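These are my notebook entries on a structure that I looked up piece by piece. I record each point in the order in which I examined it.

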Amino acid sequence: MSIRNGFNASLHNLHLDVVEMASLVEYSIDETILALQQNNRALAQKVVAEDDKIDKMERIVENQCIHLIATQQPLAKELRRLMSILKMMTDFERIADHAADICELLLELTGEGYVKPLKDIAEMAVMARNMVKNATDAYINDDITMAVQISATDSSVDDYFDTVVADLQEMMRKNPAQIKQATTLIFIAKHVEKIGDHATNLGELVSCMISGKK
Amino acid sequence: MQRKIMTGYLVMILFCAFIIGIFSYHVAQKHYISEVENRLLSIGSIIKQKVISLEDIYDHNNLNQIALDYGDITDIRITFIDAKGNVLGDSMADYMTLKNHSDRPEIIQAFREGQGESTRYSDSIKRYLKYIAIKIRHNQVPIVVRLSIPIDDIHVIRNELISFIAAGVLVAILAAGVLGVQFANKITRPINQLTTFSKDIAKGNFKGTVEIEANNEIGALAQSFMDMKTQLDKTITELWEKNVEMKAILDSMIGGLIAVDNDNRIIRISNTAIEMFGIKKKKIIGENILLVIRSHRFNQFLRENRDSFPLGNQQVLDIQYENKFYKIYLSRIEGKSPANKKIGTLIIIQDVTNIRKLEQMRSEFVSNVSHELKTPLTSIKGFIDTLKGGAIHDKEVAERFLDIIDIEAERLSNLIGDILELSEIETMSQDEHMDDYNLESIITEVFDIIHHSAVKKNIHIHYEIDEALSRVYVNKDKLKQMLINLIDNGIKYNNAGGAVKILCRRRHDIVEFHVRDDGIGIAPEHISRLFERFYRVDKGRSRNQGGTGLGLSIVKHIVNLYDGQIQVKSEVGKGTEFIIRLPIAI
Ligand SMILES: Nc1ncnc2c1ncn2[C@@H]1O[C@H](COP(=O)(O)OP(=O)(O)O)[C@@H](O)[C@H]1O
Ligand SMILES: [Mg+2]
């Protein structure tokens, strides 16, 4: 009984740490969006610098998961949860990487003055951020409907990506001098699109964690 | 419960029946044997009397005859034996052929003690036999009469006995079972009633009652349950009322409030806080705040100050949550115990979005103003430098430059005038110099001022006033300023030969001003921003016309001063109409 209680307490702590990780990642996306909107160099540098913190958090949570699996003989349901968390961690970590990548690209850009306002890309990033946020909410509340809905948003992020790329290509054709900047912007948009993909993954992991179905 | 009672009860009954069975078997057996003995003894003593009354016992036929006679009536085997062990008579066998009986234990005992007893298996008749021997003294000659009866009857009786007892036990069990069910019901029913009752209480339903009339422990229990319920109901109602009061107080606070315990679990949260963080989760109380409000900086701040911050000290953090700016204040909650231990953290959230936006607007305004002032100044300075550099000697060029300087100086003065005007209206909450005026005379004054520029651009202006409308209660200068700015725009953003029309209508105490032109119009996407300071649709055109970008924001402030309304209708290429409603008619 008391062993089981101890296990439940560790599970709860793990749960809190997962949410902690999620909020760290969401925070870094938020800052990335702000950096995009305000063309803020200092903020971009901060996001790049803080990626280490997220990597560290990922390792902590992973170790905790493995420790629990190895020492506590979890039941099938708990095991499924732990395995899902392990996979979710990878997605969260990748999302943070993409945010950091966006900020690095942004640092190459700043000072040049944008060919196209970053508004579209920032809006796309807001969409992707909301997907991550919804995935986390679905995880916290065991909300399978919310988890399932996430993949629907992904297609609008993809559409957004297509229009942004088309606009930028048009611009390159009209003004070849801006090719370098436009390519960088396309890369940034690609990273945003990737964040959306990982959020979709998160949504699927959460729904499969709740329902047990693949 | 009922099951348990029943099984316990049955086990007990079986156990008792078993014990009783064994006892009664033993008692019955003992009783039967002593009965047999008694019978043998009493018949023996009758025979003894008979033998004593005989004249001659050595006439063997006499004894044998007695044995035969009694044996016949009693079904008992009767044998006479003398002290040497010789058989003197027997009721069943020919006594002459019988062996010497001196070694039989009952006979030995009888000669010694007067009476003997033995139970043995007899090989000759293959049965258990009970023997009783009684010594008889006949004229100093001792002989023994032995009576024997087969006691396998006892075994027959035992089986019968066992089946009787078994039947009895069965009946007892059945009866006890029926009684037991009733008994168990009698105990468990009120207990079940009490259980449902207390479950109801646990669910918070204090309406139910238990009706148990029993005059025993269970009745007493039921009574104390009822008492407990009443007491609980009272306490809970009181608590609930206090809670409602507390909640009402918290919810009417302007800022949000959250109290968390030392493990960051939410103890209390006000509605404002729930709204501020857009919390949709239903289960909030007792939940870790991290799971409810997912703001990294907020949670980090909480964690950092978990045990560190000193007594009475407040910690402040500025965060951005979605599109809002919040100021978060933390202070420790202390327990009542003398140790003054921290039992949690109180979080107060203040929405500073408006303040932030104002700050932002102000700083934008300052930078806009300096930019706007710099442009004409730079140009003035540039022309003066050129003049100093020699251009002054070329009369024609010098005059042109001076004209430009004049225009720029005019623009500077316009700008400064507008800024002063704006800041004056902005700081006013109510107009002070209100008076009673004739509306038409105000409008003619406006026309006098505007006339010159209208003529210059060849714009035709005219007005129309409702007959019902003559006097207004207003600050004349402000109303004039408002109309001048609107008509001025109608002239400036018009084509040569165009027209501007002013209509004044009355709707109850509201005066509705329509300023309509047939000029260039405004595209829809600009309309919402027209009233922002320094916003111009076409910067170049506005500048050339001597515009400052402040005209409409002054109009908006004046309208706000009177709690009025502005409406803009416009179509590119067709014209623009501004409709202003002010509650100033008398
Ligand atoms: N009647 C109108 N027709 C067309 N455009 C107008 C009209 N009134 C205002 N505007 C547009 O709104 C902008 C803001 O007006 P205002 O605040 O009066 O500044 P300005 O000093 O430029 O006139 C102008 O620059 C102009 O582009
Ligand atoms: Mg104007």
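**Entry 1: a covered helix in chain B**

I began with helix 15 of chain B, whose buried residues pack against helix 10 (395-427), helix 12, strand 16 (565-571) and strand 17 (575-582) of chain B. I note at the outset that the model is predicted. Helix 15 spans residues 551-561, and I found 9 of its 11 residues buried, so that the helix is mostly covered. I listed the buried residues by name: Gly551(B), Leu552(B), Ser553(B), Ile554(B), Val555(B), His557(B), Ile558(B), Val559(B) and Leu561(B). I also looked just past the end of helix 15, where Asp563(B) takes a positive phi of about 55°.

**Entry 2: a lysine in helix 12**

Next I turned to Lys478(B), which I located in helix 12 (residues 476-492) of chain B. Is Lys478(B) buried or exposed? Its relative accessible area is 6%, and buried means under 20%, so Lys478(B) is buried. I then asked which residues Lys478(B) is in contact with, leaving aside its neighbours within four places in sequence. I wrote down Glu421(B), Glu424(B), Ile425(B), Met428(B), Asp431(B), Ile558(B) and Tyr562(B). One of these contacts, Ile558(B), was already in my notes as a buried residue of helix 15.

**Entry 3: two residues in one loop**

I then examined the loop between helix 12 and strand 14 of chain B, in which I placed Asn494(B). Asn494(B) has a relative accessibility of 2% and counts as buried. Not counting residues up to four places away in sequence, Asn494(B) touches Lys457(B), Ile459(B), Ala499(B), Val500(B), Asp517(B), Asp518(B), Gly519(B) and Arg541(B).

Gly497(B) is also in the loop between helix 12 and strand 14 (499-507). Gly497(B), however, counts as exposed, at 54% relative accessibility. I recorded that Gly497(B) touches Lys457(B), Asn458(B) and Ile459(B), again without residues up to four places away in sequence.

**Entry 4: positive phi values**

I looked up two further residues of chain B by their backbone angle. His508(B) has a phi near 55°, which is a positive value in a residue other than glycine. I found His508(B) in the loop between strand 14 and strand 15 (510-517), and at 72% relative accessibility it counts as exposed.

Phe534(B) likewise has a positive phi, near 65°, and is a residue other than glycine. Its place is in the loop between helix 13 (524-527) and helix 14 (539-544) of chain B. Is Phe534(B) buried or exposed? At 6% relative accessibility, Phe534(B) counts as buried.

**Entry 5: chain B as a whole**

I counted 15 helices and 17 strands in its secondary structure. Chain B has 586 residues, of which 39% count as buried. Among its contacts between residues at least 6 apart in sequence, 57% join residues at least 24 apart. Its accessible surface comes to about 34,300 Å², and 55% of this belongs to carbon and sulfur atoms.

**Entry 6: chain A and a helix pair**

Finally I consulted chain A, which has 6 helices and 0 strands. From the N terminus on, its elements run α-α-α-α-α-α. Of its 214 residues, 50% count as buried. For contacts in chain A between residues at least 6 apart in sequence, 85% join residues at least 24 apart. Chain A exposes about 10,000 Å², with 55% supplied by carbon and sulfur atoms.

Two packed helices are described by the angle between their axes and the distance between the axes. Helix 4 passes helix 6 in a left-handed crossing. The residues of this contact divide into 19 nonpolar, 3 polar and 1 charged.

Technical notes
Residues are numbered from 1 along each chain as its sequence is written. Chains are lettered from A and ligands numbered from 1 in the order in which they are written. This is a predicted model: local features need pLDDT of at least 70, side-chain atom pairs count only at pLDDT 80 or more; totals for chains, interfaces and linings use all residues. Side-chain values use heavy atoms; hydrogens and water are left out. A crossing is left-handed if the near helix is turned anticlockwise from the far one by less than a right angle, and right-handed if clockwise. Helices (H or I, at least four residues) and strands (E, at least two) are DSSP runs, numbered from the N terminus. Ala, Val, Leu, Ile, Met, Phe, Trp, Tyr, Cys and Pro count as nonpolar, Asp, Glu, Lys and Arg as charged, and the others, Gly among them, as polar. Buried means under 20% relative accessible area, exposed over 50%, partly exposed in between (1.4 Å probe, protein chains only). Contact means heavy atoms within 4.5 Å. Accessible areas come from the Shrake-Rupley method with a 1.4 Å probe; for residues, only the protein chains shown count as cover.
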